Amino acid sequence: LDDLSDIFHLEVPRNQSAGSKGVHIMLSYQWNNQELVKRVAEILRQKNIPIWLDIAGDMKGNINTAMANGVENAAAVVSFDTAAYSKSINCQKELT
């Protein structure tokens with residue numbers, strides 16, 4: 001994780017609010033990898049990169065609507081792909 005750094009760059013116009021489309025990175029994962037994802041999320045936050053993470057309070061209301069909003073309003077979706085991820089119905093919904 002220490003190598004996650006300057007090669008990742010996201011530009012957001014100053015007049016764009018955090019709720020605007022395409023200004024966050026959505027972290028998509030299966031819960032078995034939650035500790036790794038939390039560490040990556042913290043590194044991204046330290047670099048002032050906005051993220052969408054279910055356990056960070058972004059999963060509000062209807063689960064399907066919340067996930068769809070996370071994906072549709074993302075500049076990028078980072079998928080932590082594992083065998084369990086591929087079998088997860090919720091993870092599959094995020095990528096389809």
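User: Which elements each supply at least two residues of the lining of the largest pocket?
Analyst: In this predicted model, those elements are β1, α2 (63-72) and α4 (89-95).

User: And which one gives the most?
Analyst: That's α4, which puts 3 residues into the lining of the largest pocket.

User: What volume does that pocket have, and how many residues line it?
Analyst: The volume is about 180 Å³. The lining is made of 14 residues, and the ones nearest the centre of the pocket are Y29, W31, D54, N90 and E94.

User: How does the lining split by class?
Analyst: You get 8 nonpolar residues, 4 polar ones and 2 charged ones.

User: OK, zooming out. How many helices and strands does the protein have, and how do they run?
Analyst: There are 4 helices and 3 strands. Starting at the N terminus, the elements go β-α-β-α-β-α-α.

User: What order do the strands take in the sheet?
Analyst: The 3 strands make an open sheet in the order β2-β1-β3, with parallel pairing. The edge strands are β2 and β3, each of which pairs on one side only.

User: How many bridges hold β1 to β3, and how many to β2?
Analyst: β1 and β3 (residues 74-79) are joined by 5 bridges and run parallel. With β2 (residues 51-52), β1 has 2 bridges, also in the parallel sense.

User: Is β1 buried or exposed?
Analyst: Buried: 5 of the 5 residues in β1 (residues 24-28) are, so the strand is largely enclosed by the rest of the structure.

User: Which residues sit on which side of β1?
Analyst: H24, M26 and S28 are on one side, and I25 and L27 are on the other. Every one of these is buried, so both faces of β1 are covered. As background, side chains in a regular strand alternate between the two faces of the sheet.

User: Switching to α1. Which unit is that helix part of?
Analyst: Helix α1 (residues 34-46) belongs to a right-handed β-α-β unit, along with β1 and β2.

User: Where's Q34, and is it buried or exposed?
Analyst: Q34 is in helix α1. Its relative accessible area is 15%, and Q34 is buried.

User: What does Q34 touch?
Analyst: If you leave aside its neighbours within four places in sequence, Q34 is in contact with Y29 and I55. Y29 is also one of the residues nearest the centre of the largest pocket.

User: What's up with the backbone at N48?
Analyst: N48 has a positive phi of about 60°, although it is not a glycine. For context, most residues other than glycine have a negative phi.

User: Where does N48 sit, and is it buried or exposed?
Analyst: N48 is in the loop between α1 and β2. With a relative accessible area of 70%, N48 is exposed.

User: Last one, G70. Where is it, and what's its accessibility?
Analyst: G70 is in helix α2, and its relative accessibility is 0%, so G70 counts as buried.

Conventions. Residues are numbered from 1 along each chain as its sequence is written. This is a predicted model: local features need pLDDT of at least 70, side-chain atom pairs count only at pLDDT 80 or more; totals for chains, interfaces and linings use all residues. Side-chain values use heavy atoms; hydrogens and water are left out. Buried means under 20% relative accessible area, exposed over 50%, partly exposed in between (1.4 Å probe, protein chains only). Two strands pair if DSSP finds at least two bridges between them. A crossover is right-handed if, with the strands pointing away from the viewer, the path from the first strand over the helix to the second runs clockwise. On a 1 Å grid over the protein atoms alone, a cavity is a set of points where a 1.4 Å probe fits but cannot get out, and a pocket is an open set with protein on both sides within 12 Å along at least five of seven lines; lining residues have an atom within 4 Å of a point. Grid points are joined across faces, edges and corners, and a volume is the space filled by probe spheres set on the points. Ala, Val, Leu, Ile, Met, Phe, Trp, Tyr, Cys and Pro count as nonpolar, Asp, Glu, Lys and Arg as charged, and the others, Gly among them, as polar. Contact means heavy atoms within 4.5 Å.
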